[in-house]
Amino acid sequence: KNHSGLITIDLDHLSDPENIKQELKCDIELNPALIFISPSGDGLKVILPIDINAGSHSEYFDAISNYLRVTYSLIADPSGRDVSRACFLSHDLKVYLNPDYNDFF
């Protein structure tokens with residue numbers, strides 16, 4: 001199996017996920033491809049492109065998690081470090097899809 005070139009960062013139990021989504025979608029360092037409210041309704045799924053040739057999935061996870069912690073005081077669910085972990089989609093009418101990645105999906 002091949003890596004998709006995407007990593008999912010799961011942010012749980014947020015007090016204002018919609019506001020945080022707005023902040024993260026404008027972050028030029030992250031440049032997220034997709035952000036949506038998680039199925040729980042109080043979290044976010046942040047989908048980011050990664051270059052798997054430049055680093056492993058777990059190395060990217062650690063770097064992104066550290067960036068989110070330092071920059072936004074957000075803690076990523078550590079289960080996302082597992083490359084085989086499933087990600088369930090939810091119905092988010094205000095889903096953010098970065099137009100730069102329309103051809104990716």
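Me: Which residues of α1 are buried?

Reply: In this predicted model, the buried residues of α1 are Pro-17, Ile-20, Lys-21 and Leu-24.

Me: Why do the buried residues of α1 line one face of the helix?

Reply: As a general idea, an α-helix has 3.6 residues a turn, so residues three or four places apart point the same way. Here, viewed down the axis of α1, the buried residues fall within an arc of 105 degrees, so they line one face of the helix. The elements covering these residues include β1, β2, β3, α2 and β4 (96-97).

Me: How many residues does the largest nonpolar core have, and which have the most contacts inside it?

Reply: In soluble globular proteins, nonpolar side chains tend to be buried together. In this structure the largest nonpolar core has 19 residues, and those with the most contacts inside it are Ile-9, Leu-11, Leu-24, Leu-44, Val-46, Ile-64 and Leu-68. At least two residues of this core come from each of β1 (6-11), α1 (17-25), β2 (34-37), β3 (44-49) and α2 (57-72).

Me: Which residues does Leu-44 touch, leaving aside those up to four places away in sequence?

Reply: With that exclusion, the residues touched by Leu-44 include Ile-9, Leu-11 and Ile-35, as well as Pro-17, Ile-20, Lys-21 and Leu-24.

Me: Which residues form an aromatic pair, and how is the pair arranged?

Reply: A pair of aromatic rings is described by the distance of the centres and the angle of the planes. The count here comes to one aromatic pair. Tyr-67 and Tyr-72 form this edge-to-face pair, at 6.4 Å centre to centre with 75 degrees between the planes.

Me: Is Tyr-67 buried or partly exposed, and is Tyr-72 buried or partly exposed?

Reply: Tyr-67 is partly exposed, with a relative accessible area of 27%. Tyr-72 also counts as partly exposed, at 22% relative accessibility.

How values were computed
Residues numbered from 1 in each chain as written. Predicted model: local features only at pLDDT ≥ 70, side-chain atom pairs only at ≥ 80, totals over all residues. Heavy atoms only, no water. Core = buried A, V, L, I, M, F, W, Y, C linked by side-chain atoms within 4.5 Å. Buried < 20%, exposed > 50% of the residue type's maximum accessible area, 1.4 Å probe, protein only. Helix = DSSP H or I, 4+ residues; strand = E, 2+ residues; numbered from the N terminus. Contact = heavy atoms within 4.5 Å. Arc of directions from axis to C-beta. Phe/Tyr/Trp six-rings, centres within 6.5 Å; stacked < 30°, edge-to-face > 60°.
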